Every structure is written in C-alpha cells, then in structure tokens.
Amino acid sequence: MSAPDSLKDVYLDEMKDLWSANDQMSRAVRRLGEQASDPKLKQMLEESVSGIGKHTKVLKAIIRENGGEVSPEHCKGMEGLVAEALKHGIEEAPQDGHLRDVQIIAQYQRMSHYGLAGFGSAAAYAKALGRSDQEAKLKGAVSEIYKVDQFASRLAESVEKAAA
C-alpha cells in the first residue's frame with residue numbers, strides 16, 4: 001500500500017482496514033461465544049457475528065461505489081486485539097464460567113471499540129466528501145455497534161455480580 005494522496009484514498013483505506021478488522025473479529029467472537037457460559041452473552045455474541053457480517057457488506061458496497069479495489073487491507077490493530085481476546089477469553093481463561101464471561105465481555109468490548117472508532121471516522125470522511133448516503137450507512141453501523149456495546153456493559157454488571 002502506498003501513502004494516500006487524497007481524502008478519498010484515506011476513506012477507502014479506512015474501510016479496507018475495517019473489513020479486515022471485521023473478518024478477524026467475527027472469527028474471534030465465534031470462538032469466544034463457544035466458551036461463554038451465560039445464555040444472554042452467548043446470544044449477544046452470536047447476534048454480533050451476524051451484525052459484523054452485515055457491516056462488512058456495507059463496507060464492500062461503499063468501496064465498490066467509490067471505485068476502490070474490493071479487497072481488505074490486513075488490520076494489525078485488530079490482530080493484536082484478537083490475540084488478547086483469545087488469550088484472556090480462551091487460552092488463559094478462568095475455569096469459573098462467570099469469571100470467564102467477565103473476561104469475554106471485556107475483550108469483546110475492546111474489539112468493538114476499534115470498530116466504533118473506525119466506522120465513526122469513515123462516516124466523517126464520507127460527510128467531508130459529500131457522500132451523505134454512505135455517511136448514513138456508516139453512522140447506522142456506529143449506532144448498531146454502540147447499542148450492542150451498551151448491552152454488553154449492562155450484561156457485564158450482572159455477570160460481575162454473579163462472579164463476586
């Protein structure tokens with residue numbers, strides 16, 4: 001990848017990074033979901049995989065609409081977050097199901113916050129480029145991610161009480 005020459009290039013790079021991040025996160029969330037003991041957490045993670053897939057389709061469509069090469073750019077940031085998530089949620093996870101769930105929620109939220117930042121930035125770029133329809137789609141993704149994040153926070157509070 002060469003250095004971007006325009007805001008449009010930055011915009012496309014951001015979406016390709018997010019595509020890779022989503023692919024990596026989706027695989028990790030599936031694995032974390034297999035380890036979750038709380039039924040609500042399992043359901044949230046399963047639904048999240050579906051939401052991540054939906055957001056990836058939006059990214060691919062927007063890249064295509066902007067004449068970009070429709071391929072992801074490997075996201076090293078998410079690679080690190082996924083490694084930490086798998087370490088704390090699976091490989092070195094507590095045996096106690098409630099404690100493991102606490103770990104899984106924290107790791108899930110870390111990965112989700114990467115997406116919040118990326119989709120938020122991409123929406124701002126779309127606005128600056130005058131692509132209001134794309135801005136709306138990206139803001140819609142931000143809103144959906146944020147709602148799941150809020151649910152995860154509430155779920156964490158209940159799981160933490162059970163773990164105490």
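**A walk through the helices**

Let's start with confidence: of the elements in the protein chain, helix α3 (residues 76-91) has the highest mean pLDDT, at 98, while helix α5 (residues 132-163) has the lowest, at 92. Keep in mind that this is a predicted model. For the protein chain, mean pLDDT comes out at 95, with 98% of residues at 70 or more.

Now for the inside. The largest nonpolar core is made of 24 residues, and Val29, Leu41, Leu45 and Met111 have the most contacts inside it. Two or more residues come from each of α1, α2, α3, α4 (97-128) and α5. There is also a second, separate core of 16 residues, with Leu18, Phe119, Ala122 and Ile145 among them. Nonpolar side chains tend to be buried together in soluble globular proteins.

Next, the charges. The whole structure holds three salt bridges. One brings together the side chains of Glu144 and Lys54, at 2.7 Å from N to O. That pair ties helix α5, where Glu144 sits, to Lys54 in helix α2, 90 residues apart. Glu144 is partly exposed, with 32% relative accessible area, and Lys54 is partly exposed too, at 43%.

Another bridge joins Lys137 and Glu65, at 3.7 Å from N to O. Here again distant parts of the chain are linked, with Lys137 in helix α5 and Glu65 in helix α2, 72 residues apart. Lys137 has a relative accessible area of 38%, so it counts as partly exposed. Glu65 does as well, at 44%. The side chain of Glu65 also makes a 2.9 Å polar contact with that of Gln134, and the C-alpha atoms of Glu65 and Gln134 are 9.3 Å apart.

The remaining bridge pairs Glu135 with Lys139, whose closest N and O atoms are 3.0 Å apart. Both residues lie in helix α5, four residues apart, or about one turn of the helix. Glu135 is at 13% relative accessibility, so it counts as buried, whereas Lys139 is partly exposed at 46%.

The side chain of Asp17 does make a polar contact of 2.8 Å with that of Tyr114. Beyond its neighbours within four places in sequence, Asp17 is in contact with Glu73, Cys75 and Tyr114.

Definitions and conventions:
Residues numbered from 1 in each chain as written. Predicted model: local features only at pLDDT ≥ 70, side-chain atom pairs only at ≥ 80, totals over all residues. Heavy atoms only, no water. Polar contact = N/O pair within 3.5 Å; in protein donor to acceptor, adjacent residues only side chain to side chain. Contact = heavy atoms within 4.5 Å. pLDDT = per-residue confidence, 0-100. Core = buried A, V, L, I, M, F, W, Y, C linked by side-chain atoms within 4.5 Å. Buried < 20%, exposed > 50% of the residue type's maximum accessible area, 1.4 Å probe, protein only. Salt bridge = Lys/Arg side-chain N within 4 Å of Asp/Glu carboxyl O.
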